[in-house]
Amino acid sequence: MSNMITKRREPFRFMVWLGIASSVMLFTILLSAYVVRQAGPGWAQIKLPTVFLISTVVIMLSSLTIHNAGQAFRHERFGSYRTNLGTTLVLGLLFMILQAWGWRQMIRSGVTLDANPAGGFVYILSGIHLLHILVGLILLGIALTEALRRRLYVDAFVYSVNPPNQLKIRLLTLYWHFVDILWIGLFLFLLIHHGIDLPLSL
């Protein structure tokens, strides 16, 4: 019976890893195109908005809270699990708001999607990453809703010992760590090529 359950769960694990591999390939292609296009005509250097640095700190904190959520889930600390899961969701939403604020700063400084290839790449890279964050937020929202529906300890315990539910939490944690690391990599890449605009201009 356990082998049958394991086989049923494998497609979900495979789909997550396939999605991660596809995302890595996509961003590898985009970053390669960035490097090639950088040497072409019409490339004008721009600075990253300072708020991108703040959003990076926020996304790093969210990796910590979702790690804590997973630990709490495994050790049957369900109140802590719900709190950390909710905090991760809030931090993810804050990350998206800060990214949008960064775009607003860029637009106000005259950097538009089509005016400068350098700015266009910043919008495209951060925009596609935001789509990954949005998927993660939807999954977090579903997990948090399920956790809030099972506030009683007995209900939460029965939910937590179910192997498919354990797998869902592990895969959600894996995915969220991936999008966090992905942004850190993108931010460092852009920071090296662009620098950052200090101080913060509202």
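Which residues of helix α5 are buried, and what covers them?

Modeller: First, the ground rules. This is a predicted model, so to speak only of its computed values: local features need pLDDT of at least 70, side-chain atom pairs count only at pLDDT 80 or more, and totals for chains, interfaces and linings use all residues. Residues are numbered from 1 along each chain as its sequence is written, and side-chain values use heavy atoms, with hydrogens and water left out.

Now confidence. The chain has a mean pLDDT (the predictor's confidence in each residue, from 0 to 100) of 87. Of its residues, 93% reach 70 or more. Residues 1–7 have a pLDDT below 50. Beyond near neighbours in sequence, that stretch makes zero contacts in the model; contact means heavy atoms within 4.5 Å. Where pLDDT is low, the predicted coordinates should not be read in detail.

The chain has six helices and two strands. Both are DSSP runs numbered from the N terminus: helices are H or I, at least four residues, and strands are E, at least two. Along the sequence the pattern reads α-β-α-α-α-α-α-β. The C-alpha trace spans about 60 × 35 × 20 Å along its principal axes. Among contacts between residues at least 6 apart in sequence, 84% join residues at least 24 apart.

Now your helix. α5 covers residues 153–160. Its buried residues are Ala156, Tyr159 and Ser160. Buried means under 20% relative accessible area, exposed over 50%, and partly exposed in between, with a 1.4 Å probe and protein chains only. An α-helix has 3.6 residues a turn, so residues three or four places apart point the same way. On the other side of α5, Val154 and Val158 are exposed.

What lies over the buried side? The cover includes α2 (51–74), α3 (78–108), α4 (117–149) and α6 (163–194).

One is Glu146, in helix α4. Glu146 counts as buried because its relative accessibility is 16%. Leaving aside neighbours within four places in sequence, Glu146 is in contact with Tyr159 and Lys168. The other is Lys168, in helix α6. Lys168 counts as partly exposed because its relative accessibility is 42%. Lys168 touches Glu146 and Tyr159, not counting residues up to four places away in sequence. For scale, Lys168 and Val35 are 133 residues apart in sequence and 37 Å apart in space, C-alpha to C-alpha.

Step back to the core. The largest nonpolar core has 53 residues. Such a core is a set of buried Ala, Val, Leu, Ile, Met, Phe, Trp, Tyr and Cys residues joined through side-chain atoms within 4.5 Å. Tyr81, Leu140 and Trp176 have the most contacts inside it. The helices α1 (2–38), α2, α3, α4 and α6 each supply at least two of its residues. The most come from α6, with 14 residues. Tyr81 touches Ala69, Ala72, Phe73, Ala143, Ala147 and Ile169, leaving out residues up to four places away in sequence.

A loop residue between two of the covering helices deserves a check. Glu76 lies in the loop between α2 and α3. Its phi is positive, about 60°, although Glu76 is not a glycine. Most residues other than glycine have a negative phi, and most peptide bonds are trans. Glu76 counts as partly exposed because its relative accessibility is 33%.

Last, the record. An unreviewed UniProt entry annotates "transmembrane region" over residues 12–36, 48–69, 81–101, 121–144 and 174–196. Such annotations may be inferred rather than shown by experiment, and UniProt positions are given in the numbering used here, with feature names shortened. In the model, residues 81–101 are 100% helix and 0% strand, with end C-alpha atoms 30 Å apart. Residues 174–196 are 91% helix and 4% strand, and their end C-alpha atoms are 30 Å apart.
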